[in-house]
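Subject: Structure handover

Hello,

Here is the structure I said I would pass on. Please open it alongside this message.

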Amino acid sequence: MGDNKINDVFQLGWLSYKESYYLSDEQFKAGNAIYKCKTPEMGCNTSVCEECGYTEIHNNSCRNRHCPKCQAVNKAIWVDERQSEVINSPYYHAIFTVPYELNNLIYENQKNLYALLHKCAAETIIELARDKKYIGGVPGIIQVLHTWGSDLKYHPHIHSVISGGCLSPDKTKILMRGDRFFLPVHIVSKKFKGKFLFYLKSYREAGMLKYGCKCDSLRNSYEWKEFINRLYGKDWVFYIKETFNHFGNAIKYLGNYTHRVAISNQRIKSVDESGVVFTVKDYKTGEYNKEISLTLDEFLSRMMLHVLPGRFQKIRYYGFLNNRYKSANLKIIFKLQGRQRSKARFKGLSKPEIIKLAFGKNLFICPCCGKETLKPAGRTFPRRE
């Protein structure tokens, strides 16, 4: 077994797993991609040294967003682009969660209800922030959907980075509340709950919800009403996880979430035909010092829970970072603050050039003669299934 233990799981268990369980098209596509990534089945790139003639062959990456091997460069590029959009302001990492009773319904309606989680989280912050009682402006918001807990069970929630600096309605000043978050946490929780349940009821009335076997009882009007009443009676958790007073740290930190898959290789302790042993978080201590063991099929089943619907945007931008108005808003903000804090370093660079800058690995150096003369010579592509 190699250093990439997640790939080891797929090499040992995927072929039999996909023949034994029902999979959506997206799950089948993601699992096959991870299984084949960096193998001859994905095709290869060839490089040849112009000095000594040395030839090097690299198997292609799958580039699937659920593959742990394919995220490092994408993460570096994303962080670099976002750094150039950060203003001189505190930033806050917040998390929106929903009661576990919603899990089955959300899973049966992933595209609609994942989008609703994004919508309600953003609207909650923006509407409260516009109230002069709190700050009276528009913050910049970056949101990322995650669907897992540390044990790989289904746990949909939103990670959000929110700027402490807000653009005033007339766009003439930046409003701040010092180093503290400008909204009361309990007010945010209450409004988020009200919004989500209001929209959820409207989705039902419009016939937009599906009910699988685990939530089939919700087809019944009485059961639905009882279900909604229970959700209104629960506390919905919104909390501030981290506060950043240095403008760049928040984006680097969020980068650890944007391109993360459900589990990292570091948490997997062992993989063999009998199963997978990995660490989970002890919420009393905050440390990953507990271990659980799953069979290969159980582990793969939990991994498949977190494959997103096709083309679903798990990272979204709101407030003054709304894609339509972002450029104009940032131009105003940087002018008000005197200067732009950071510039994108990787814009216009090739992937090998980005890897050299970001990770200090020069792919152009020939391992044979040591000169920077290794050049791409061709690429073969994977065969179609």
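Below are my notes, grouped by region.

Please bear in mind that this is a predicted model.

Start with helix 5, residues 110–130. How far apart are its end C-alpha atoms? They are 30 Å apart. At 1.5 Å a residue, its 21 residues should span 30 Å, so the two values agree. Of those 21 residues, 15 are buried. Helix 5 is therefore largely enclosed by the rest of the structure.

Gln110 belongs to helix 5. Its relative accessibility is 15%, and it counts as buried because the cut-off is under 20%. A polar atom of the Gln110 side chain lies 3.2 Å from the backbone oxygen of Tyr107. Setting aside residues up to four places away in sequence, Gln110 touches Ala115, Tyr154, Val307 and Pro309. Of these, Tyr154 falls in strand 5 (154–163).

**Lys195**

Next, look at Lys195 in helix 6, which covers residues 185–205. Is this lysine buried or exposed? Lys195 counts as buried, at 13% relative accessibility. Its side chain makes a polar contact of 3.0 Å with the side chain of Glu127. Neighbours within four places in sequence aside, Lys195 is in contact with Cys120, Glu123, Thr124 and Glu127.

**Helix 3 against helix 11**

Now the helix pair. Two packed helices are described by the angle between their axes and the distance between the axes. Helix 3 spans residues 72–83, and helix 11 spans residues 351–359. Their axes come within 10 Å and cross at roughly 80°. The two helices are therefore roughly perpendicular to each other. Which residues make the contact? Helix 3 supplies Ala72, Val73, Asn74, Ala76 and Ile77. Helix 11 supplies Lys351, Ile354, Ile355, Ala358 and Phe359. By type, the residues of this contact are 8 nonpolar, 1 polar and 1 charged.

**Helix 8**

Helix 8 (residues 249–258) is mostly covered, with 7 of its 10 residues buried. The buried residues are Ala250, Ile251, Tyr253, Leu254, Gly255, Tyr257 and Thr258. What covers them? Helix 3 is part of the cover. The strands involved include strand 3 (91–97), strand 4 (140–148) and strand 5 (154–163). Strand 8 (238–244) and strand 12 also contribute.

**Two loop residues**

Gly310 sits in the loop between helix 9 (296–304) and strand 12 (315–319). Gly310 is partly exposed, with a relative accessible area of 22%. Not counting residues up to four places away in sequence, Gly310 touches Glu26, Arg65 and Lys111.

Cys369 is in the loop between helix 11 and strand 13 (374–380). At 30% relative accessibility, Cys369 counts as partly exposed. Cys369 and Gly53 are 316 residues apart in sequence, yet 9.5 Å apart in space, C-alpha to C-alpha. With neighbours within four places left aside, Cys369 is in contact with Cys49, Glu51 and Cys52.

Best wishes

Methods. Residues are numbered from 1 along each chain as its sequence is written. This is a predicted model: local features need pLDDT of at least 70, side-chain atom pairs count only at pLDDT 80 or more; totals for chains, interfaces and linings use all residues. Side-chain values use heavy atoms; hydrogens and water are left out. Helices (H or I, at least four residues) and strands (E, at least two) are DSSP runs, numbered from the N terminus. Buried means under 20% relative accessible area, exposed over 50%, partly exposed in between (1.4 Å probe, protein chains only). A polar contact is a pair of N or O atoms within 3.5 Å; within protein, one must be able to donate a hydrogen and the other to accept it, and residues adjacent in sequence count only if both atoms are side-chain atoms. Contact means heavy atoms within 4.5 Å. Axes are lines fitted to C-alpha atoms, for helices over the stretch in contact, and angles run from 0 to 180 degrees between N-to-C directions. Angles under 35 degrees count as roughly parallel, over 145 as roughly antiparallel, 65 to 115 as roughly perpendicular and the rest as oblique. Ala, Val, Leu, Ile, Met, Phe, Trp, Tyr, Cys and Pro count as nonpolar, Asp, Glu, Lys and Arg as charged, and the others, Gly among them, as polar. The expected span of a helix is 1.5 Å times one less than its number of residues.
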